[in-house]
Amino acid sequence: MKYKSLKGFSDILGEDIALWQALEREINAIMRLYGYSEIRTPIVEPTELFTRSVGEATDVVGKEMYTFWDKGTPPESLALRPELTAPTARAYIQYEIAKQQQITKWYYVGQAFRYEQPQKGRSRQFHTCGVELLGAAGAKADTEVITLGYDLLKKIGINNFTLRINSLGNYEERTKYKQALVEYLSKYANDLSAESQRRIATNPLRVLDSKDSRDSEVIANSPSILDFLSTDSETHFSDLQECLQSSGVSFVVDNKLVRGLDYYTKTVFEFQTKSLGSQDALGGGGRYDNLISELGGTPTPATGFGFGLERLILAARLEQGLQFVPNKLDVYLVAMGEEAQKKIPAISHKIRLAGFSADYDLLNRSVKAQMKESNKKEARFAIIIGEQELKTNSVVLKNLETSEQKNISQEEILTEISC
Ligand code: HAM
């Protein structure tokens with residue numbers, strides 16, 4: 001029997017790894033510039049953490065979460081994390097971070113799991129990179145995380161995207177809006193797709209997200225959440241727009257943007273692209289001022305976002321952003337004869353300890369095959385050792401870019417290859 005990776009679960013290898021590593025380097029670099037420190041949380045959490053935060057009526061929790069019972073007595077229901085905001089909030093409360101500092105800036109990169117129908121840009125295991133800024137209530141904090149996301153996209157060569165922003169107001173404002181929306185949608189229920197009809201009762205805001213053509217006309221004329229905002233939420237939203245404008249971050253206001261997770265308050269945003277087909281969200285996020293208290297912590301305003309790394313890689317590739325840069329080998333060692341074969345590991349060890357990459361043949365192949373390999377690996381230098389060189393403690397150093405070669409003592413190797 002041949003085993004294969006599960007549907008929707010991918011291996012990353014070969015040339016792709018270079019792109020992933022380049023992306024991770026850019027992420028780490030930008031997080032340093034913005035002063036965010038990394039947090040790594042477990043992949044498995046209690047199921048309840050997600051039902052209480054992301055919300056039971058959402059697709060992410062209600063339909064897509066991987067859950068299982070552990071072997072405890074009594075057994076506990078656990079979940080593979082479908083997202084990382086809730087685990088981060090859990091850690092914030094668990095370690096009483098609020099008592100230690102007023103502002104917390106965290107970022108993470110890691111796997112998340114959603115049982116969805118795999119397609120381009122959508123998998124069951126995916127990687128997400130996100131930031132969470134905890135402790136600040138103002139629009140300046142939203143501006144900071146949005147600007148960070150914007151800069152990251154530009155840095156990795158993605159320019160073909162639109163930033164959409166909206167405000168969902170606070171709980172009371174949204175409740176009033178929901179009532180008006182349900183009233184409106186119910187009037188036109190017969191014109192809606194079956195899925196949207198079902199959602200009127202379960203999660204009416206998500207109807208606005210529908211990509212079904214049958215729903216578009218009804219959605220276009222639906223009431224706007226922006227007409228339901230209090231002065232406080234309105235001011236927050238206009239401050240955000242002002243801050244983004246003055247930071248040179250272009251955006252469009254989209255009063256139909258609702259996002260698929262229940263914890264958002266006020267600001268929501270999404271970076272969307274046309275280059276990936278239906279999976280158009282490169283990333284998204286928003287403010288979640290009630291989440292920490294709902295999970296049992298002291299009330300703490302917070303904002304953040306998450307990107308999907310698979311989608312970033314796809315989009316960056318299309319725009320020739322992140323490039324595959326092969327790591328060049330510094331030295332390939334070629335042995336002529338049995339004694340030289342034995343000497344080569346020690347010489348390579350010295351070269352590697354000095355910080356240069358070195359490689360050699362492990363299959364006792366012919367000198368011709370070894371030389372061929374040094375070219376294939378595009379090494380800068382070949383170091384050739386035969387009986388003569390062994391007797392005189394020397395090596396032949398061949399510059400594979402110029403084909404020049406010379407005899408040098410073994411002590412001179414490091415000086416010669418560092419030029
Ligand atoms: P989300 O929009 O559910 O937000 O996911 C973030 C990003 O993960 C999406 O925009 C998308 O790029 C990627 N993504 C989601 N599902 C999949 C999938 N099945 N396959 C590939 N990529 C996927 C969150 O998860 C929030 N925690 C973001 C956040 C952080 N809000 C505040 N702070």
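Tyr263 came up first: I found one of its polar side-chain atoms 3.0 Å from a nitrogen atom of the ligand, a polar contact in the sense of an N or O pair within 3.5 Å. The model is predicted, so I note that local features need pLDDT of at least 70 and side-chain atom pairs pLDDT 80 or more, while totals for chains, interfaces and linings use all residues. Residues are numbered from 1 along each chain as its sequence is written, and side-chain values use heavy atoms, with hydrogens and water left out.

I then looked up the backbone: a polar backbone atom of Ser123 lies 2.8 Å from a nitrogen atom of the ligand, and one of Gly283 is 3.5 Å from a ligand oxygen atom. Of the 660 Å² that the ligand exposes when taken alone, the protein buries 95% (accessible areas by Shrake-Rupley with a 1.4 Å probe).

For the shell, I noted 27 residues around the ligand, with Glu83, Thr85, Glu116, Ser123 and Tyr264 the closest; near means a heavy atom within 4 Å. Strand E10 gives the most to this shell, namely six residues (strands are DSSP runs of at least two residues, helices H or I runs of at least four).

Elsewhere, I traced an open antiparallel sheet of three strands in the order E2-E4-E3, where pairing requires at least two DSSP bridges. Strands E2 (44-46) and E3 (67-69) each have a single partner strand and stand at the edges, so one side of each is left without a neighbour in the sheet. Between E2 and E4 (residues 77-80) I found three bridges, and Pro46 stands opposite Leu78 in E4.

Methods:
Polar contact = N/O pair within 3.5 Å; in protein donor to acceptor, adjacent residues only side chain to side chain.
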